[in-house]
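Please look over the sequence and the model first, and then follow the description from the contact between the chains to the fold of each chain.

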2 protein chains.
Amino acid sequence: MMNIKVYKNILSANEEWAKKTRELLSNKKTLMWNIIGSPGAGKTALLERLIPALDGRLSCFVLEGDVETTNDAERLARLNIDVRQIITHGACHLGAETIYKALSELALPGDGGCVFVENVGNLVCPSEFDIGENGKIAVLSVTEGEDKPLKYPLLFREAKAVILTKIDLVPHLDVDTTVYRTNIQKINAKLPVFEVSARRGEGIENLKQWFLSGFEKY
Amino acid sequence: MMNIKVYKNILSANEEWAKKTRELLSNKKTLMWNIIGSPGAGKTALLERLIPALDGRLSCFVLEGDVETTNDAERLARLNIDVRQIITHGACHLGAETIYKALSELALPGDGGCVFVENVGNLVCPSEFDIGENGKIAVLSVTEGEDKPLKYPLLFREAKAVILTKIDLVPHLDVDTTVYRTNIQKINAKLPVFEVSARRGEGIENLKQWFLSGFEKY
């Protein structure tokens, strides 16, 4: 019982910070996306393609979460945007307090800011924590197998979109993107699914339009 | 402070169950391996190849951990071995108490039993919990990228072996297995690395010999 109570306290404190983040984002007319996927699903490679496509229309920032190393932040800093590395030193997800503090340090414009939070590579724990984002984005590689939405349903229930990555590898795998879509829809019938190859730049234009349309609704 | 204390209590209770498991395994001259890797790294496909190769020499059992679904247990039950599904309903790793209780129900022989615990697909949390295993085995797919041992070092520090899976895909990826090995060695210099393609059956014989040699040391 005690463990459950403490866990509730942690979630409740987290919720307070998430609320402050939502206020900050709303004041700055900025959207923040919580990018969640397995290790090696291609989250960083995706941002390397997507951010230059959005450049000029939106002011992009990245909060980069990793258990160890600054590899991913270094890759994204080459895009000449403001990237902040958050090293969790073993923790399996990013918490709302850390995100609020990092976000407060960014020079967000008064309008049209877009913050991508690349969460720790993990399909389970990051899905459980609200960090004040406007939406979670599920990144799933076609190499992971079609049953993953059924085996890790929480992320797909919570997400605002799924990005199916590495589609250039489909001819070399025993998978079918139709089955990926069917299994995603079993969990969340209306969830949009984008098929992307970051290596080849395929599917980036559609994805760009979807991210821009988020701002039109503001 | 309170959260830290409770976390220590959880780990300490976990350690008690792990100790009981180690006694049970020792009494039964059985080895238990804790198989850890990302979602879709190919853990189940690996066991589908490895277990038939070991059959006749060892009595194999599987404790199958998943957040949801019985898909993987159903796949492995086709090998005509005793497989028990543990559904964690959202939890990100298997705990020692659950494993002890499941293990106690298996009809382990007095000698030559081999239990594979397929942990929840997650590179982070399962690495932190001792379940009384004889060793953790890291399963890493070549599709995940060469930096993963550096970004998720705990598993590679703790593991007794690394199985690099899906090597048949290397020609279609921008990766080099030498770099995988170099990065693994940076974390754990003596860790054996096995390159395997479960789809083609490549590398299974070497791996079989390694698992059999574990028993010779008993």
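## Salt bridges between the chains

Across the interface of chain A and chain B, six salt bridges are found. One of the salt bridges joins Lys151(B) to Asp66(A), and the closest N and O atoms of this pair lie 3.2 Å apart. These values, like the others in this report, come from a predicted model.

## Confidence in the model

The model as a whole scores ipTM 0.93 and pTM 0.95. For chain A the mean pLDDT is 95, with 96% of the residues of this chain reaching 70 or more.

## The contact surface

When residues up to four places away in sequence are not counted, Leu150(A) touches Asn183(A), Lys186(A) and Ile187(A) in chain A, and Glu68(B) and Thr69(B) in chain B. Of these, Ile187(A) is 37 residues apart from Leu150(A) in sequence, while the C-alpha atoms of the two are 7.0 Å apart in space.

## How the two copies are related

Chain A is superposed on chain B by a rotation of 180 degrees with 0.0 Å of shift along its axis, and the RMSD is 0.0 Å. This is the relation of a two-fold axis. The same surface serves both copies, since 100% of the contact residues of chain A recur in chain B.

## The sheet and helices of chain A

In chain A, seven strands make up an open sheet with parallel pairing, and their order is β3-β2-β4-β1-β5-β6-β7. Its edge strands are β3 (82-87) and β7 (193-195) of chain A, each of which pairs on one side only. From one strand to the next, the twist averages 20 degrees. At one end of this order, β2 of chain A, residues 59-66, pairs with β3(A) in the parallel sense over six bridges, and within this pairing Gly65(A) stands opposite Ile86(A).

Two helices of chain A may be described by the strands that they lie across. Helix α2 (residues 43-54) of chain A lies across β1 (30-37), β2, β4 (113-118), β5 (135-141) and β6 (161-165) of chain A, and runs at about 175 degrees to β4(A). Helix α8 (residues 204-216) of chain A lies across β1, β4, β5, β6 and β7 of chain A, running at about 135 degrees to β1(A).

## The sheet and a helix of chain B

Chain B likewise holds an open sheet of seven strands, in the order β3-β2-β4-β1-β5-β6-β7 and with parallel pairing. Here the edge strands, each pairing on one side only, are β3 (82-87) and β7 (193-195) of chain B. Which residue of β7(B) is the bridge partner of Ile163(B)? The partner is Phe194(B).

Helix α8 of chain B (residues 204-216) lies across β1, β4, β5, β6 and β7 of chain B, and the helix runs at about 135 degrees to β1(B).

Note on methods. Residues numbered from 1 in each chain as written. Chains lettered and ligands numbered in written order. Predicted model: local features only at pLDDT ≥ 70, side-chain atom pairs only at ≥ 80, totals over all residues. Heavy atoms only, no water. Pairing = 2+ DSSP bridges. Helix = DSSP H or I, 4+ residues; strand = E, 2+ residues; numbered from the N terminus. Contact = heavy atoms within 4.5 Å. Axes fitted to C-alpha atoms, helices over the stretch in contact; angles between N-to-C directions. Least-squares fit on C-alpha atoms with pLDDT ≥ 70 in both. pLDDT = per-residue confidence, 0-100. Salt bridge = Lys/Arg side-chain N within 4 Å of Asp/Glu carboxyl O.
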